[in-house]
Amino acid sequence: MLLGIGVVAGGLGALLGLGGGFIVVPALTLLFGVNIRIAIGASLVSVIATSSGAAVAFVRGHMANLRVGNFLELATVTGAISGALLASVLVPRVLYVVFALALAQSAVSVARRKRLEDRPPPAPDPVADRLHLHGAYPDAARGRVVEYRVARAPGGLALMYGAGVLSGLLGIGSGTLKVPAMDLAMSLPMKVSTATSNFMIGVTAAASTGVYFARGDISSLLAAPIAIGGVAGAMVGSRLVGHLPARGLRIVFAVVVFAVAVQMLVKGLG
Amino acid sequence: MSTAPETSDPLHYEPPAAMARLEAAVTVVLRIGLALSMAVLVVGTLVTLAAASTSAQAGRTVGALRHGAAHPGGLAIPRSVGAVARGLAHGQGPAIVLLGVLLLVLTPISRVAVSAVVYAREHDTTFVVISVVVFALLVASFALG
């Protein structure tokens, strides 16, 4: 059963550029009645497993922009440490509400995600130029190699700090915040944003796992089967990406996530 | 940035040499880390299950998890690297699982360390500094709990 949760979380996570924590935390708290702090600890471990599994495929396929990822990790790691420390201060009820709001936001941003690949070239960004962040990737759907330029690198860095705080606080990869930050703010193509998000999530989650581990909030009994399932799911998911109708998948995802968000909110307020 | 494709395949993309080396190094680190941690996690889970297989213990375990205990059922609670090592010496399942978790967490961290080395070889000072700072923050996170 736990293994199954891992497979579903890993598969969907890799497909959508997310860590899979949005499935693990609600499943453990709502289905198994596990304490939310323990659920978050287990989720962080599975997020690292999912992200690393998906990252192998995305890095090999030249989809992830490693320089952008390394640069933004400065902010996500700092944010994740802040968030994990904040989580030890906040009461569980607040965590439920924050989690529900984050999920609702995810559902909306994924549902509204449009084809943004054919935008006009962004305004030049001296920071991105200096750091050589621009890149290119093979786009299977368009049948050619697409070159792109990165914009607003400092703004992206600020948004990533926020995404990092949420990761540490909630035990999610917060890919739902990372992907829009790269896609909308930094003008990275959607597929590159998704792949780079998966690449970065492992490092963000590792930072918060460090804090949770030192506090003894990592349950080995829960973490192991979910992590194993997560890797299996991610391996399948990251290979399926090119073959599935993205639009339908996103809508299903948005509906499921929204339903879970409502449940968590009721639990937090009730 | 991209070099002209040498094959007729329009999807053939050859990244710049420095990026290709970075991608190759990162892929190797992630694969080794994943394979090792997954193997250890599977073994640890099996050992744990074999040691705590009675239904009474399982019931206590679920109850304790609900009340917020990370390591219920009277099993050892390894929290530090030293405690994990002691548990391993006694062949305790939870300690083996936590070793697997540690290996898993170390996977992205080593990926950052290896990136720093690759950037250093390319004399890309800015990215060496970025990678080293990220690495230091990750190490610090274990001391902050």
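**Exercise 1.** Describe how helix H10 (residues 220-240) of chain A packs against helix H4 (residues 93-121) of chain B.

*Solution.* Start with the geometry: the axes of H10(A) and H4(B) lie 9 Å apart, at an angle of about 55 degrees. Axes are lines fitted to C-alpha atoms, for helices over the stretch in contact, with angles from 0 to 180 degrees between N-to-C directions. That makes H10(A) oblique to H4(B), since under 35 degrees counts as roughly parallel, over 145 as roughly antiparallel, 65 to 115 as roughly perpendicular and the rest as oblique.

Next, find the contact residues (C-beta atoms, placed from the backbone, within 7 Å).

A word on the model: it is predicted, so local features need pLDDT of at least 70 and side-chain atom pairs 80 or more, while totals for chains, interfaces and linings use all residues. Residues are numbered from 1 along each chain as its sequence is written, and chains are lettered from A and ligands numbered from 1 in the order written.

**Exercise 2.** Which residues does A:Ala227 touch, not counting those up to four places away in sequence?

*Solution.* In chain A, the partners are A:Gly6, A:Val45, A:Ser46 and A:Ala49. Across in chain B, they are B:Leu41 and B:Leu104.

**Exercise 3.** How do H3 (residues 36-60) and H9 (residues 190-215) of chain A cross?

*Solution.* First, their axes come within 8 Å and cross at roughly 150 degrees. That makes H3(A) roughly antiparallel to H9(A).

Conventions:
Helix = DSSP H or I, 4+ residues; strand = E, 2+ residues; numbered from the N terminus. Contact = placed C-beta atoms within 7 Å.
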